[in-house]
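Subject: Structure for your review

Dear colleague,

Please find below the structure that I am handing over to you. My notes on what was found in it follow directly after.

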Amino acid sequence: MKRGKKNGLPSASRPATNPEMRDGAFVLGGRPTFIYSGELHYFRVDPAEWPQRLKQAREAGLNCVASYIPWRWHEPEEGKFDFTGRTHPRRDVKKFIRLAREAGLYFIARVGPVSNGEMMDEGLPAWLSKKYPAAFLSGKEGATIHHQAPPAYNSPLFLGKVKAWYEKLLPELVGQQYPEGNIILFQLCNEIGMINWLGKIGDYADYAEKMYRGFLKSRYGSIEALNAAYGSSYKSFAELKQPDNKLEERTLKLLLDWADFYKEYYAAYFKKLWDLARAEGVRTPVLANIPQFYDYDMRGRGLYSPATSSMFSR
């Protein structure tokens, strides 16, 4: 990689354009660029070791590092944020990103709200579930709970707390976007729907049922067309509710529609995150990390996880 004099990144003569996806390629500085990235979680490493770890990443042939920026780590108490190491040196994410730039590395900011990453509460703040249990799903009878109840992604309550998180975090980062800085991508949330799938937990809140009815109305147009497809006798879309986890008789068409609804449900959530990020000045492409498992075990995983992959086909 050709290095510039100021920050070790490609020459400053590059065009001052935002990163973009174009024709199946990641375009940086006006030309397709292959990103060799590795995970380096600053919050798990002594800051005294950050320069050496970044140097080793560069020597290993990487041109980029990525890290979660865990919500629970940077807002340990509601309304109390630290991005500069004021309360703990490992919270100085701004310094870490600057050191990565000086080492000649781009940075991918994985800003949540969910991080997973083998963290308590999937990287969500402990205060969130304690103070706002309605921001999480409990499932219906017959559902199994994974190691953490999933957030109610489209809940106005949950999204309101995410908005407050983004409004504090993202202004700390957007000034370091390429070409002014070295942030080339933002990942919004992580493994969306993973806990829901493993725990067999749907969202049955009123707002979700309204989304479900709207989805079916958009798909069928009239209640008569839906009744013809389902062999049912509903009088209006207002009577419709999502199936539960019991083994009552269902039609295959209903189950296929229900699966398609959750594609829309997760897509709607990601779009809301995208809108929040754009409002705070994010101008890079954004990523969605789709949960994948190449194994199977007692929790119902499937080879290559076709279930989770299909949820992101929109």
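**Strands and sheets**

Strands E1 and E2 (residues 25–28) run antiparallel and are joined by three bridges. Within this pairing, Met21 has Phe26 of E2 as its bridge partner. Please note that the model is a predicted one.

E1 and E2 belong to an open, antiparallel sheet of three strands, ordered E1-E2-E3. Strand E1 (20–22) and strand E3 (31–32) are the edges of that sheet; each has a single partner strand, so one side of each is left without a neighbour in the sheet.

A further open sheet has five strands in the order E4-E5-E6-E7-E8, with parallel pairing. Its edge strands are strand E4 (37–39) and strand E8 (286–287), each of which pairs on one side only.

- Strand E5 (residues 64–68) pairs with E6 in the parallel sense over five bridges, and Cys64 stands opposite Tyr106 in E6.
- E6 and E7 run parallel and are joined by four bridges; here Ala109 stands opposite Phe186 in E7.
- E7 and E8 also run parallel, joined by two bridges, and Gln187 has Leu287 in E8 as its bridge partner.

Why can strand E6 (residues 106–110) be called largely enclosed by the rest of the structure? Five of its five residues are buried, so the strand is largely enclosed. In a regular strand, side chains alternate between the two faces of the sheet. In E6 both faces are covered: Tyr106, Ile108 and Arg110 are buried on one side, and Phe107 and Ala109 are buried on the other.

**A pair of helices**

Two packed helices are described by the angle between their axes and the distance between the axes. For helix H1 (residues 50–59) and helix H3 (residues 93–102), the axes come within 10 Å and cross at roughly 40°. H1 and H3 are therefore oblique to each other, and their crossing is right-handed. The residues that meet are Trp50, Pro51 and Leu54 in H1, and Lys95, Phe96, Leu99 and Ala100 in H3.

**Loops and backbone details**

Most residues other than glycine have a negative phi, and most peptide bonds are trans.

In the loop between E6 and helix H4 (126–131) lies Pro113. The peptide bond that joins Gly112 and Pro113 is cis, with omega about 25°. Glu122 is found in the loop between E6 and H4 as well. Its phi is positive, near 60°, although Glu122 is a residue other than glycine. Glu122 is also buried, having a relative accessible area of 5%.

The loop between H5 and E7 holds Pro179, and the peptide bond from Tyr178 to Pro179 is cis, with omega near 10°. Gln176 likewise lies in the loop between helix H5 (156–173) and strand E7 (183–187). Is Gln176 buried or exposed? Its relative accessibility is 16%, and Gln176 therefore counts as buried. Setting aside neighbours within four places in sequence, Gln176 is in contact with Lys94, Ile97, Arg98, Gly181, Asn182 and Ile183.

Cys189 is found in the loop between E7 and helix H6 (194–199). The phi of Cys189 is near 60°, a positive value in a residue other than glycine. Cys189 counts as buried, at 1% relative accessibility.

**The chain as a whole, and confidence**

The chain contains ten helices and eight strands. Of its 314 residues, 48% are buried. Among contacts between residues at least 6 apart in sequence, 73% join residues at least 24 apart.

The average pLDDT of the chain is 88, and 83% of the residues score at least 70. Over residues 1–7 the pLDDT stays under 50, and the model has 20 contacts beyond four places in sequence for this stretch. Residues 298–302 also have a pLDDT below 50, with twelve contacts in the model beyond near neighbours in sequence.

With kind regards

Key:
Residues numbered from 1 in each chain as written. Predicted model: local features only at pLDDT ≥ 70, side-chain atom pairs only at ≥ 80, totals over all residues. Heavy atoms only, no water. Buried < 20%, exposed > 50% of the residue type's maximum accessible area, 1.4 Å probe, protein only. Contact = heavy atoms within 4.5 Å. pLDDT = per-residue confidence, 0-100. Pairing = 2+ DSSP bridges. Axes fitted to C-alpha atoms, helices over the stretch in contact; angles between N-to-C directions. Parallel < 35°, antiparallel > 145°, perpendicular 65-115°, else oblique. Left-handed = near helix turned anticlockwise from the far one by under 90°.
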